[in-house]
Structures are given as structure tokens and as C-alpha cells.
Amino acid sequence: MGGKRRIVITIEAHRLTIVRARRPVEMWCERCGKDVPILTPEAAAALAGVSPRAIYRRVESGELHIIETGTKALLICSGSF
Ligand SMILES: [Zn+2]
């Protein structure tokens, strides 16, 4: 009984992930001067095959654009990636 319930939850979580991936969030990047798909530092690190720490270094050096969100979350401009 318990096993069946767990399978349903897993499928639902998987479906939500796909929905999110199909609609990349776009935000205004001041340095690009246009709306750009944004990445979290973790997603950027996974794409580049490096550690999130390496991504933060590239942000600090100004190589990667960051998007100001007004929250603590740091978002990266995919146009600079
Ligand atoms: Zn940018």
C-alpha cells in the first residue's frame, strides 16, 4: 500500500520538473540590455561542469552577469554564460 503512494508522488515531482524546464524564466539583464533566460548558480555550475564555487568566482570577476532580484537569491544571466 505504502509503495503505491510513493510512486505517485515521484511521478508528480518528475512532471513538475519537466514543466519548469520547458519555461525558462527570463529577467532583465542590465549589462545585456535585454531579457535573458536566467540560471541559478547551481544550474550554471552543472551546465559548465564546474563547482558552484567556480561560478561564484566568475561572478566576482565580472565575467558573468548577475541579475538583481531584491532577494538574497543570486541569479546568473545565461547570455554571459
Ligand atoms: Zn547579461
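**Close-up views of a predicted model**

**View 1. Packing of helix α2 against helix α3.** Helix α2 (residues 41–48) and helix α3 (residues 52–60) pack with their axes 8 Å apart and at an angle of about 105°, where axes are lines fitted to C-alpha atoms, for helices over the stretch in contact, and angles run from 0 to 180 degrees between N-to-C directions. The two helices, α2 and α3, are therefore roughly perpendicular to each other, a term that covers angles of 65 to 115 degrees. Pro41, Glu42, Ala44 and Ala45 of α2 meet Pro52, Ala54, Ile55 and Tyr56 of α3, contact requiring that C-beta atoms, placed from the backbone, lie within 7 Å. The residues of this contact divide into seven nonpolar, no polar and one charged, with Ala, Val, Leu, Ile, Met, Phe, Trp, Tyr, Cys and Pro counted as nonpolar, Asp, Glu, Lys and Arg as charged, and the others, Gly among them, as polar.

This is a predicted model, in which local features need pLDDT of at least 70 and side-chain atom pairs count only at pLDDT 80 or more, whereas totals for chains, interfaces and linings use all residues. Residues are numbered from 1 along each chain as its sequence is written.

View 2. Helices (H or I, at least four residues) and strands (E, at least two) are DSSP runs, numbered from the N terminus. Glutamate 26 stands opposite proline 37 in β2, and tryptophan 28 stands opposite aspartate 35. Four residues lie between the strands of this hairpin, in which glycine 33 takes a positive phi near 75°.

**View 3. Pairing of β2 with β4.** Strand β2 also pairs in the antiparallel sense with strand β4 (residues 75–77), over two bridges, and isoleucine 38 stands opposite cysteine 77 in β4.

Conventions
Two strands pair if DSSP finds at least two bridges between them. Angles under 35 degrees count as roughly parallel, over 145 as roughly antiparallel, 65 to 115 as roughly perpendicular and the rest as oblique. Two residues are in contact if their C-beta atoms, placed from the backbone, lie within 7 Å.
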